[in-house]
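Let's take a friendly walk through this model, starting from the inside and ending with a few backbone details. Keep the 3D view open as you read.

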Amino acid sequence: MSTYFHSIRIDTEKCEGRMKCLRVCPTQAIRVRNGKASIIEEKCIDCGECITVCPNSAIVPLTDPFGELTKFRYTAAIPSPALYAQFGREILPEKILSGIKKLGFDSAFDLALTCGEVSFAIQEYLRDYKGPKPLISNACPTVVRLIQVKYPELIDQIIPIELPRELAGREIKKKLSKQLKIEENEIGAFYLTPCPVKMISIKQPAEKGKSFLDGAISIADVYGPLLSAMEGIEKSSYRKALESICILGVGWAMVGGICRTLRLKNSIPVSGLAEIIKVFDDIERGKLRNIDFIEAYSCLQGCVGGSLTVENLYTSNNKILKLIETLEFEQIKACPDIREVRKLYSQNYFLIKGKFEPRPLKPLDTDLAKAIKKRKLKEEIYELLRKIDCGVCGAPTCLAFAEDVVKGDADLTDCIFDLSDNMEEFSQELSDLLNKTLPLNFNRSNIHKSKK
Amino acid sequence: MSDEYVLSQKFKIKGGDFGKAGRTSTSIKEILKEIGIDPSIVIRASISVYEAEMNVVMYAKKGMVTLSVTPEELHLKLEDEGQGIADIDQAMKEGFSTATHEMREMGFGAGMGLPNIKKNADRFEITSIPGKGTTLDIIFCLNKTGNK
């Protein structure tokens, strides 16, 4: 059993080693060796970029099939607000929720309301917070993983407020078990997810607690059936359907939605991993201390851009934006009562139970002296390489290859180029350092034969 | 200490190049993480080197950072060629700054740079020759006892 649960699996039958995933992985967690891709678990943050680019559909998101529903006496669907963005302007949450019920769930819960409560809770937390700034939203599990793995120093800046979907799962089970007089474990709470990464926050929460949800079903999987199910549902008047929408909550579907609807002054919305990395680098340098809150999503435009959504992300982003504008214009505020939220907040209703722990990447060596030596060797090896990042060795860049070599995970001969006459010398140094004997087959003519 | 246990690397900084400012501190941060330096020291070191880097970008023609790490000590040496500092005592005061309006607009020049470096480092030395340049020695102890 491996230490880290991941929501991404590589189907080795389908994988043809075409290396698209190798190049796109933001944490360089993929290697292609012997023609097949594999994931370095320690480095993977479950962003799902590889799923999207794989031409063979060999990288599969791990979500639950519909069949899971039959395991429970009562089932509740909790759709991400990103689902509301998947349909045309006229189709409002009310109709979507009725449609979901026709798919076989006993109830469908409007998560936007809970999102609204959590927005208020975030506001409360920000007001009382005295520690280092900025605080970072925990809404996107990939962002939380990124911090755990690459920015462990920022871990205390992640907002420790429970996620809306978890709170909803917790409260639904509490309420329904009383109402229906059944056990909480007989109720299945399923999140309808825009991305596979939500699955890991259910199976292995970053704060090591237990999830209140029982599974996640892909929005892409429910889309077709839902579209048919919504046919023939009588809709109430547009105005009436609007009146049930919590403006604070629908904002959670897109990046900047929380900041915009709460009107947080000093906050920054950022989406896309490459951009997030730039912002986090700045935080580490001590910049951005005047910013209170960072709303970060690994998918472009936030959850509407998730890899398991259907609609074009700019169209769906626009739908949410227009919905918010309409609600603002019509002055509709179907939101939780802030006084009620404050009361619950003071009772720690919103705080997560566990604690976010860093899980930094292993250094080159646990012994500093050895690590220094390996780092120097890595630099020397890198200097030998062509630096064209061709990827043929199976590592995404020449630098990553040099690191794999000093870690003992790759062999210098994996590089297709003539390195230099120093190869033997290096290999000796390496085998001394790694305390192992390398297969010393460094006669170059041999190497090239084997490559061909 | 034999040479093989000393990691030494040099980084050039160009004065006035705001577009690339911050790269040196990012590279140094990556190296320190890679060899397993304690995260609290990594963050103090990267804040210090970033402040120092920005000083070179803002005030000097060019500069050089030399990173040397031994199992005992992390040493960052910054040498720049530029206007230098006439009154070091004054420059070390919090809030003292000669930054232009434009630099302040960008969020720099609050007069916190040098004091901030000193605050973060375990040892800090500064020498400067006006008209020639400034040299900073920023040192962090890596064996537990010497830590701040």
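In helix 5 of chain A, the buried residues are Pro141(A), Thr142(A), Val143(A), Val144(A), Arg145(A), Leu146(A), Ile147(A) and Lys150(A). Because 8 of the 10 residues of this helix (residues 141-150) are buried, helix 5 of chain A is largely enclosed by the rest of the structure. What do they pack against? The buried residues of helix 5 of chain A pack against strand 7 (135-136), helix 7 (197-203), helix 12 and strand 11 (293-297) of chain A. Please bear in mind that this is a predicted model.

Now step back to the whole chain. Chain A is divided into domain 1 (8-61), domain 2 (66-346) and domain 3 (368-451). Between the C-alpha centres of domain 2 and domain 3 of chain A there are 46 Å.

Next comes the partner chain. Contacts join 18 residues of chain A to 21 residues of chain B. On the side of chain A that touches chain B, helix 12 (273-284) and helix 15 (368-384) of chain A each supply at least two residues. Helix 15 of chain A gives the largest share, 7 residues. By class, the residues on this side of chain A are 8 nonpolar, 2 polar and 8 charged.

Helix 15 of chain A also packs with helix 16 (residues 398-407) of chain A, at an angle of about 135° and with the axes 9 Å apart. From helix 15 of chain A, the residues Lys374(A), Leu377(A), Lys378(A), Ile381(A) and Tyr382(A) meet Cys398(A), Leu399(A), Ala402(A), Glu403(A), Val405(A) and Val406(A) in helix 16 of chain A. This contact has 8 nonpolar, no polar and 3 charged residues.

Finally, some backbone details. Most residues other than glycine have a negative phi, and most peptide bonds are trans.

| Residue | Phi | Loop in chain A |
|---|---|---|
| Asp46(A) | about 60° | between strand 3 (36-39) and helix 2 (49-53) |

Is Asp46(A) buried or exposed? Asp46(A) is buried, with 29 other C-beta atoms within 10 Å, whereas Ser57(A) is exposed, with 10 other C-beta atoms within 10 Å. The peptide bond from Lys133(A) to Pro134(A) is cis, its omega being near 0°. Pro134(A) sits in the loop between helix 4 (111-128) and strand 7 of chain A.

Note on methods
Residues numbered from 1 in each chain as written. Chains lettered and ligands numbered in written order. Predicted model: local features only at pLDDT ≥ 70, side-chain atom pairs only at ≥ 80, totals over all residues. Contact = placed C-beta atoms within 7 Å. Helix = DSSP H or I, 4+ residues; strand = E, 2+ residues; numbered from the N terminus. Nonpolar A, V, L, I, M, F, W, Y, C, P; charged D, E, K, R; others polar. Axes fitted to C-alpha atoms, helices over the stretch in contact; angles between N-to-C directions. Domains from an automatic or database assignment. Buried ≥ 20, exposed ≤ 12 C-beta atoms within 10 Å, placed from the backbone.
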